[in-house]
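I opened the notebook to log a few look-ups.

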Amino acid sequence: MDIPKVVGIVVERDFGVFVELVASELVSSGGCTERELVKRLEEKDGGDRVQKALTTLARNGLVHKDDGGKFRADVSTINLRWRFPYFSVMVAEEFGEESQLVVELLLVHGKVTSKQLFTDERVGSSRLSALETLISNRVLEPEKLASFETSEHPPAKRMRSASEVPKTLAIKITSREEALVPIPDKTDSDTTWKLRLSQFHLMACNKICTDLVRQTIDVQAGAVVEAVLKKTLLKEESISSSSFQSVSEATIYQDLKDSGSSVDRSALDGKIELMCRPDIGYLRRFGDQIHAEVTTMLNIVRRKTAEEIILKRFGPEARRMFSLLIHKKKLEAKHAAELSMLNQRKAREMLFKLHDSGYATVQEVPRTSDFKQSKCIYIWSVNLPEAYKRIAQHIDRSCINLYRRLKTMEEEPKEKKDSDLRRKQKEFIEVSILRLQINLMLFRDLK
């Protein structure tokens, strides 16, 4: 991952240019005190802007203060903000627009009190319903707000109003001001809420696995897997098969019945038996308990996605060679050429293309003690974890280039920026970024 570029684009997109300068300085320096930041950035106002920028970053969990008084950037959390537009879209699809607005406010501000969530009297009941939906689905959790103080300045006392929030990609914050109005009795106005980011990973995992089953088997099997995943509890922060609990078959059937599915008990048994077969392996049965093999499903999707990326970048011959090396583990170039039905020259060309992009590795094995290259054999293979890491890096670069393109379009003259062609181009770029973020989550977050 190109950390400085990602930090610069993400922080500037969400918080503005000066906050981005502070975050980039913390990343490049490895950490520094507030006084050092003021000196490095040559601030002449006593450091007020630096203090406000640090408060904003700390409130969103992007920096922390160590025992030595130095502020350090949390690169992993900044990297997660890459996925915020996709998180927003997921919530809108799953829970509706009002829930999306609540999540967007939390994504931008980090932590928000109940009082700040209710922007005017007209949204009181719908906002409360959205809040209850998000809490019941474990997207939100309460947290006691801890004040953040720098060494020389008091904490900021006001959350930015919605009109001050940058209009980020796919996150369209309302323009209403946060007026403090009476809120329903069910909501404690002093409660501070924050997002459970691991829940977004779980939602993405459920969607990816369900879509895979629908594509490879049928819609009814997808409904069964969706019911299994929705009834499980995430026991750990990481996504793996061991993170999910088993569910009884009776519970799955009742959930399908409540959702209006047409799957009867005999059909449910058939679908479960089919997906428990060793050659499919989407589910596993332990008596009456059904367990989702999430890791197996994610690995299948990851491999298919990697093959599609290689197909688009290098063509069908490279994709065939990549799949062959995964299946056969290790091959010499001449054997790879025979099995892939390519001539020797074309096979070597494809192998070196994969190697130069980091998708394949080669090992030199000497046949004699003098280690002459002419007497060595070369074994080709694919290291999938490293290949996936390289794909994630390529996606990062693509996202950076697309964000820069969007920024350039925003700086164009108004008459050109508002043209139909530019609007279509902007929509296409935004959709492309969202698709790339899905793949980035698949290759980097869901392990």
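**Helix pair.** A definition goes down before the numbers. Axes here are lines fitted to C-alpha atoms over the stretch in contact, and angles between N-to-C directions run from 0 to 180 degrees. I also note that the model is predicted.

I looked up H10 and H11. Helix H10 covers residues 197-216, and helix H11 covers residues 219-230. Their axes come within 7 Å and cross at roughly 155 degrees. Angles over 145 degrees count as roughly antiparallel, so H10 is roughly antiparallel to H11. I logged the crossing of H10 past H11 as right-handed.

Which residues make the contact? From H10 I listed Asn206, Cys209, Thr210, Val213 and Arg214. From H11 I listed Val219, Ala221, Gly222, Val225, Glu226 and Leu229. Sorted by class, the contact of H10 with H11 has 6 nonpolar, 3 polar and 2 charged residues.

**Ser88.** Next I turned to helix H6, residues 84-95, where Ser88 is found. Is Ser88 buried or exposed? Its relative accessible area is 1%. Buried means under 20%, so Ser88 is buried.

I then checked what the side chain of Ser88 touches. Another, at 2.9 Å, joins the side chain of Ser88 to that of Glu104.

**Positive phi.** Most residues other than glycine have a negative phi.

Arg138 has a positive phi, near 65 degrees, and is not a glycine. I found Arg138 in the loop between helix H9 (124-136) and strand E4 (140-143). Its relative accessible area is 29%, and I noted Arg138 as partly exposed.

Met341 also has a positive phi, about 60 degrees, without being a glycine. Where does Met341 lie? I placed it in the loop between helix H16 (333-340) and helix H17 (344-356). The cut-off for exposed is over 50%, so Met341 counts as exposed at 69% relative accessibility.

**Whole chain.** Last, I took the totals. The chain has 447 residues, and 48% of them count as buried. I logged 20 helices and 11 strands for its secondary structure. Among contacts in the chain with a separation of 6 or more, 66% are between residues 24 or more positions apart.

Methods:
Residues are numbered from 1 along each chain as its sequence is written. This is a predicted model: local features need pLDDT of at least 70, side-chain atom pairs count only at pLDDT 80 or more; totals for chains, interfaces and linings use all residues. Side-chain values use heavy atoms; hydrogens and water are left out. Helices (H or I, at least four residues) and strands (E, at least two) are DSSP runs, numbered from the N terminus. Buried means under 20% relative accessible area, exposed over 50%, partly exposed in between (1.4 Å probe, protein chains only). A polar contact is a pair of N or O atoms within 3.5 Å; within protein, one must be able to donate a hydrogen and the other to accept it, and residues adjacent in sequence count only if both atoms are side-chain atoms. Angles under 35 degrees count as roughly parallel, over 145 as roughly antiparallel, 65 to 115 as roughly perpendicular and the rest as oblique. A crossing is left-handed if the near helix is turned anticlockwise from the far one by less than a right angle, and right-handed if clockwise. Contact means heavy atoms within 4.5 Å. Ala, Val, Leu, Ile, Met, Phe, Trp, Tyr, Cys and Pro count as nonpolar, Asp, Glu, Lys and Arg as charged, and the others, Gly among them, as polar.
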